[in-house]
Amino acid sequence: MPSRRTFIKSTAALTLAASLPHGRAAAADSATSETPWYQRTLRWGQTNLTEIDPLRIDIGWWRAHWKRTRVQGVVINAGGIVAFYPTEVPFHRRAKELGNRDLFGELTRAAHDDGLAVFARMDSSRADEAFYRAHRDWFAHDADGKPYIWNELYIACVNSPYYQEYIPSILREIASRYRPEGFTDNNWNGPMRNQPCFCTYCERSFRARTGAALPRVANWNDPLYREWIMWNYARRLEIRDEFNRVTREAGGEHCIWVGMMAGAQNWQSRVFRDDREVYRRTPMIMLDHQRRFDTEGFQHNAETGKRLHSVGGWDKVIPESIAMYHLTEHNFRLAMKPEPDVLQGHALISGRIAS
Ligand SMILES: [Zn+2]
């Protein structure tokens, strides 16, 4: 069996622990099988599958790891940019080394057999060039008609069939075939505030709302630009509502689509995520708030938890992801770890560069 170090090098892992006030944690302890999974699953593990993992993953090792770390639920890569199961949705590209395997299905079955809740993890934001060439109009373009590209992938437009048909088809396929407890999404908000889209879907939608053309300049003193901001926030809420409708319809009343939120308010604004409205609509938040800045220490976790619970309600379960790796030597996390893990983190850096 491969060593733990091998696995940390090959497959990044994250742990997530829910932020809960004391009384709430006590309530969770006394949860019964009647309590929905999202109110009693507090300790999560996440495997970040890569496209070559179908060749090398050791599911037995992961099951032992889940048991050793006493997680109650696992987050498993399912689809979006890349599929880890034999999808039938056109342009939903299967992972390079997936072959005939159904890796998402195998891991989901193993987790369910072990009594764990499963989050199917999506990334609903971008696609490769082949997809872009086939459906240019599904992707965001700037005022000069150039597509927005990030890490060689094309960013999808939130007003296009990518979000209206393509992603819902995938959610339906996964929910009905595998029955995961729910869905997370690494990146579901589409273009950011500094990436205004001028495609025909956007032009049409904005004109229907305001009677005006899309503003060409970011000018906060212009009421039309402020309307553009509000229109963008509203669209993200519509997407959340629609994805939840689809997953509940295909996977049952508790099959919720949770997405992913950030803890930094500045970032939330740049990606048009309305904390107050989103928290009002969901019983659970998955929070990505890992990076540590010079002026912030570990206490920042508590500060963020206090702020988000104040806004979103103290009854909300908010698991926060903490990586078991460092992306770069300068990208520190809001976590502490034993020395062997730090050393393995550095090994991972060289491993990633080499691959
Ligand atoms: Zn657009």
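Arg216 is exposed, with a relative accessible area of 56%, and its side chain meets that of Glu203 in a salt bridge with an N to O distance of 3.5 Å. This pair links distant parts of the chain, since Arg216 lies in the loop between H9 and H10 whereas Glu203 belongs to helix H9, 13 residues apart. The model is a predicted one, and a search of the whole structure finds 16 salt bridges.

**Packing of H9 and H10**

- Helix H9, covering residues 200-210, packs with helix H10, covering residues 223-251, at an angle of about 110°, and their axes are 11 Å apart.
- Because angles of 65 to 115 degrees count as roughly perpendicular, H9 and H10 are described as roughly perpendicular to each other.
- The crossing that H9 and H10 make is right-handed.
- On the H9 side, the contact is formed by Cys202, Ser205, Phe206, Arg209 and Thr210, which meet Leu224, Glu227, Trp228, Met230, Trp231 and Ala234 in H10.
- Sorted by class, the residues in this contact of H9 with H10 comprise 7 nonpolar, 2 polar and 2 charged ones.

- The side chains of Glu173 and Arg177 are joined by a salt bridge, for which the N to O distance is 3.4 Å.
- Glu173 and Arg177 are 4 residues apart in helix H8, which spans residues 161-178, so about one helical turn separates them.
- Glu173 is buried, its relative accessible area being 12%, whereas Arg177, at 37% relative accessibility, counts as partly exposed.

- The side chains of Arg245 and Glu249 meet in a salt bridge, with 3.0 Å from N to O.
- Arg245 is partly exposed, with a relative accessible area of 41%, while Glu249 is exposed, with a value of 57%.

**A salt-bridge network**

- Salt bridges that share partners connect Glu51, Arg93, Lys96 and Asp128, so that these residues are joined into one network.

Terms used. Residues numbered from 1 in each chain as written. Predicted model: local features only at pLDDT ≥ 70, side-chain atom pairs only at ≥ 80, totals over all residues. Heavy atoms only, no water. Axes fitted to C-alpha atoms, helices over the stretch in contact; angles between N-to-C directions. Helix = DSSP H or I, 4+ residues; strand = E, 2+ residues; numbered from the N terminus. Parallel < 35°, antiparallel > 145°, perpendicular 65-115°, else oblique. Left-handed = near helix turned anticlockwise from the far one by under 90°. Contact = heavy atoms within 4.5 Å. Nonpolar A, V, L, I, M, F, W, Y, C, P; charged D, E, K, R; others polar. Salt bridge = Lys/Arg side-chain N within 4 Å of Asp/Glu carboxyl O. Buried < 20%, exposed > 50% of the residue type's maximum accessible area, 1.4 Å probe, protein only.
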